[in-house]
Amino acid sequence: MRLLRPILSLVLVLVTTLLVSCSSPTQAKIPTVYTPEKIAQLQPYREPIALARKNMATLKEFIDAENWVNIRTFIHGPLGGLRQEIASTSNKLLKKDQPVAENLGKELFKHFEIIDVAAKDRNASLVKEQYNEAIKDFDAYLNLIPTA
């Protein structure tokens with residue numbers, strides 16, 4: 001009886017190994033369309049980005065008034081956490097949309113960085129130009145996130 005237990009255990013391990021190795025793995029399907037559940041999951045990620053987009057009107061007021069200090073403060077303050085929000089949201093999108101979203105996010109922050117430097121140099125025309133480009137990228141990014 002003592003010899004039979006280890007042999008039985010070994011036979012069970014071999015049978016299990018054989019069954020697992022002979023089974024075929026199932027390919028996970030990568031979704032190509034947004035399901036209502038996925039859209040609902042994305043809404044909490046979309047809200048802070050949409051709020052930041054609405055707050056861009058405040059930045060526009062600072063730009064129109066050529067309030068250089070507040071322009072820079074606004075970019076680093078209320079818009080400071082936007083980079084993390086956009087990165088998190090981009091990772092939650094479908095695989096096909098992720099590269100586009102990541103590229104738009106990078107472009108948006110390039111515009112913010114140029115606005116920051118131009119505001120430091122008090123270059124009104126460059127600030128206005130980059131603001132308009134940032135708005136375009138912001139809107140394009142928000143259009144990637146589906147809504148219910």
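The largest pocket is lined by Ile75, His76, Leu79, Gly80, Arg83, Phe109, Phe112, Glu113, Asp116 and Val117. A pocket here is an open set of points on a 1 Å grid over the protein atoms alone, where a 1.4 Å probe fits, with protein on both sides within 12 Å along at least five of seven lines; lining residues have an atom within 4 Å of a point. This is a predicted model, in which local features need pLDDT of at least 70 and side-chain atom pairs count only at pLDDT 80 or more, while totals for chains, interfaces and linings use all residues. Residues are numbered from 1 along each chain as its sequence is written, and side-chain values use heavy atoms, with hydrogens and water left out.

**Pocket**
- The space in the largest pocket is about 160 Å³, a volume being the space filled by probe spheres set on the grid points, which are joined across faces, edges and corners.
- At least two lining residues come from each of H3 and H5; helices are DSSP runs (H or I, at least four residues), numbered from the N terminus.
- H5 gives the most to this lining, with five residues.

**Asp116**
- Asp116 is found in helix H5 and is buried, with a relative accessible area of 12%; buried means under 20% relative accessible area, exposed over 50% and partly exposed in between (1.4 Å probe, protein chains only).
- Its side chain forms a polar contact of 2.7 Å with the side chain of Arg72. Such a contact is a pair of N or O atoms within 3.5 Å; within protein, one must be able to donate a hydrogen and the other to accept it, and residues adjacent in sequence count only if both atoms are side-chain atoms.
- Apart from neighbours within four places in sequence, Asp116 is in contact with Arg72, Ile75 and His76 (heavy atoms within 4.5 Å).

**Helix H3**
- Trp68, Ile71, Phe74 and Ile75 are the buried residues of H3.
- Seen down the axis of H3, these buried residues fall within an arc of 130 degrees, so they line one face of the helix; the arc is that of the directions from the helix axis to the C-beta atoms.
- Val69 and His76 are exposed on the other side of H3.
- The buried residues of H3 pack against H2, H5 and H6.

**Nonpolar core**
- The largest nonpolar core has 36 residues, of which Met56, Leu59, Ile71, Leu82, Phe112 and Phe138 touch the most other members. Such a core is a set of buried Ala, Val, Leu, Ile, Met, Phe, Trp, Tyr and Cys residues joined through side-chain atoms within 4.5 Å.
- H6 gives the most to this core, with nine residues.
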